[in-house]
Amino acid sequence: MWLLNGLIVITLLILQRVLTLHLNAYYFQILIYIGINIILAVSLNLINGQTGQFSIGHAGFMAIGAYVSASLTYYMGPWFIHFLTTSVGLPDGIAKGILFALALTLAGITAASAGLLVGLPILRLRGDYLAIATLGFGEIIRVLILNTDAVGGARGFTDIPEYTHFFWLGLLTYITLLVICNLIHSTKGRAFSAIREDEIAAESIGINTTKYKVGAFVIGSFFAGIAGCLFAHQVGYLHTNSFTFMRSIEIVVMVVLGGMSSITGTVIAAIVLTILPELLRFFSEFRMVLYSLILILLMLGRSGVFGNSRISKIKMTM
Amino acid sequence: MSEFLQQLINGISWGSIYALIALGYTMVYGVLRLINFAHGDIYMLGAMIGYYLSGWVHGATEPSNAKALLILLVSMISCGAIGVLIEKTCYRPLRGSLRLNALITAIGVSLLLENGGQLVFGPDPKFFPQIVKVKEIIRFGDVAFNNIQLLILGVSIGLMLMLHCVVMKTRMGKAMRAVSFSHETAGLMGINVNRIISFTFFIGSTLAAAAGILVGLSNPKIEPLMGIMPGLKAFVAAVLGGIGNVVGAMLGGLIMGISETLVSGYISSTYRDAFAFFILIFILLFKPHGLLGKTGPEKL
């Protein structure tokens, strides 16, 4: 396992070199967005797909990660790098690396703490009520950021250092997939899917549903925060318009389109739905209309492929 | 004090608009258990149809009450038809599959209406014509009531009363209540479930269109994306009152409208959107099914 992980890190480092030299900036950016969307979609899959808790506030946690990490690198970054390069004597690249690793950790931890703070009270709610409460939470975060002047408020947060490279992106996507895939195939993962299938039944066989629901929420938020950090240090400019509830919805669509409980499906859907709007750029102003039409047709077509699912057939014969 | 009263009046008139939109959400949720995300955009379409129609009948240059009524009714009926069309083409094929699939489709329809609207109507805001001239009619000291506010209140209360009668007193309303209880049982009793669902979409969409026209009268700036925020707030209002409950939607709408105008009047207008959601989360923590929602025992 260590060997495999080492190999992956080395491959990423080589790819980083090759891609930054040979890939044009536009494709490179799409590649970065694909990675960020995979992290977001897979982490939301843990909450929506595996544990069955319908959350549409994922962009809120992403925003927390983005703004907290950007504040760290923007306000503390220059001082920190100066300290590491002059007093400790590290080369500039490594100092930046350490700073970014710190920013990523901080982004994850703050988003996870927010997840815990929000999750404890609102996860008592069920179904659509939970959905709308998470949506509300996401909007509250957005408005609070909009009113915070230290992070730019309505003007937006500018001059964030651009630290997100392919290496970081690949590594974190890999870690996200590793953690979540291992988690859902463990004993705890069984508890998550038990809650999804039937919460009361899960409770009656001794699963502490609150603990697991909040757990899934916190882990999901952690990775959303990390994705936010990657996003902030990719675009270099943050505005709350990037974190509206439509962003959360986009992530939900990736999870649903990929087939709720399948991580592979989620990853594929994240890739397809990131590339699709770019491909449609060719149609200029018809782009978003086509995108929404394709979305509707995909949903209608998908249910055609799977028929009316098995549950309704059983009901018919009863 | 007089400022407070003025804010309260504004709040009530916004609240009644939220309530009109919220009714559509709550009724569709009642019969289909579907959050119809496209509902806010139907409200936008209502305002847009009103805009073009009034240009056509010269509603602004030679205003008359008959023309205003005509614009209101035509816009309501066309939006009703659009609502039914959306239900038949996009939601009906998904009935019986996972609820989340229908929800994503609803989001797709919403995006289609927003982006299609930007393409057809143009993305820049338009100014809704004054099909009813603004006149101040009642004044108590510093507090003034104009005819538009009174009209909004009158039309929305009238429509809500009509809706209440339809749901509680007619055979169609009885059938709607039966369908919302159980599709299968209602079908076995000889009710045409598909027709009832179409009817529900029709009624909900007409109410949203009416809200669109009324908003056009008081806030003339209309644009293809105008439905997003009010749609979301109205949905929150429906959840606040207990989704699926008609009286709850009205109550929720009023609470949202009043609290929002008070917050933007006394605290800061930038916190307005956050406050609505804050109230929602706060109330849901104590009443997890909304203010008037039903709480049944949980079963396996």
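**Aromatic pairs and the A–B interface**

B:Tyr91 and B:Phe201 are both buried in this predicted model.

Trainee: What makes B:Tyr91 and B:Phe201 count as buried?

Mentor: The term requires under 20% relative accessible area. B:Tyr91 is classed as buried, and B:Phe201 likewise, so each falls under that limit.

Trainee: Why is the pair of B:Tyr91 and B:Phe201 called tilted?

Mentor: A pair of aromatic rings is described by the distance of the centres and the angle of the planes. Here the centres are 5.7 Å apart, and pairing requires centres within 6.5 Å. The planes stand at 45°, whereas stacked needs under 30 degrees and edge-to-face over 60. The pair is therefore tilted.

Trainee: How do you know that the pair links distant parts of the chain?

Mentor: B:Tyr91 lies in helix H3 of chain B and B:Phe201 in helix H8 of chain B, 110 residues apart.

Trainee: Which residues form one aromatic cluster?

Mentor: The cluster consists of A:Tyr33, A:Tyr67, A:Tyr74, A:Tyr75, A:Phe157, A:Phe231 and A:Phe243.

Trainee: What is the count of salt bridges between chain B and chain A, and how many residue pairs are in polar contact?

Mentor: The count of salt bridges between the two chains is zero. One residue pair is in polar contact across the interface, with both residues at pLDDT 80 or more.

Trainee: Which helix gives the most to the side of chain B that touches chain A?

Mentor: H4(B) does, with 14 residues. By class, that side of chain B holds 31 nonpolar, twelve polar and five charged residues.

Methods. Residues are numbered from 1 along each chain as its sequence is written. Chains are lettered from A and ligands numbered from 1 in the order in which they are written. This is a predicted model: local features need pLDDT of at least 70, side-chain atom pairs count only at pLDDT 80 or more; totals for chains, interfaces and linings use all residues. Side-chain values use heavy atoms; hydrogens and water are left out. A salt bridge is a side-chain nitrogen of Lys or Arg within 4 Å of a carboxyl oxygen of Asp or Glu. A polar contact is a pair of N or O atoms within 3.5 Å; within protein, one must be able to donate a hydrogen and the other to accept it, and residues adjacent in sequence count only if both atoms are side-chain atoms. Helices (H or I, at least four residues) and strands (E, at least two) are DSSP runs, numbered from the N terminus. Ala, Val, Leu, Ile, Met, Phe, Trp, Tyr, Cys and Pro count as nonpolar, Asp, Glu, Lys and Arg as charged, and the others, Gly among them, as polar. Rings of Phe, Tyr and Trp (its six-membered ring) pair if their centres lie within 6.5 Å; planes under 30 degrees apart count as stacked, over 60 as edge-to-face and the rest as tilted. Buried means under 20% relative accessible area, exposed over 50%, partly exposed in between (1.4 Å probe, protein chains only).
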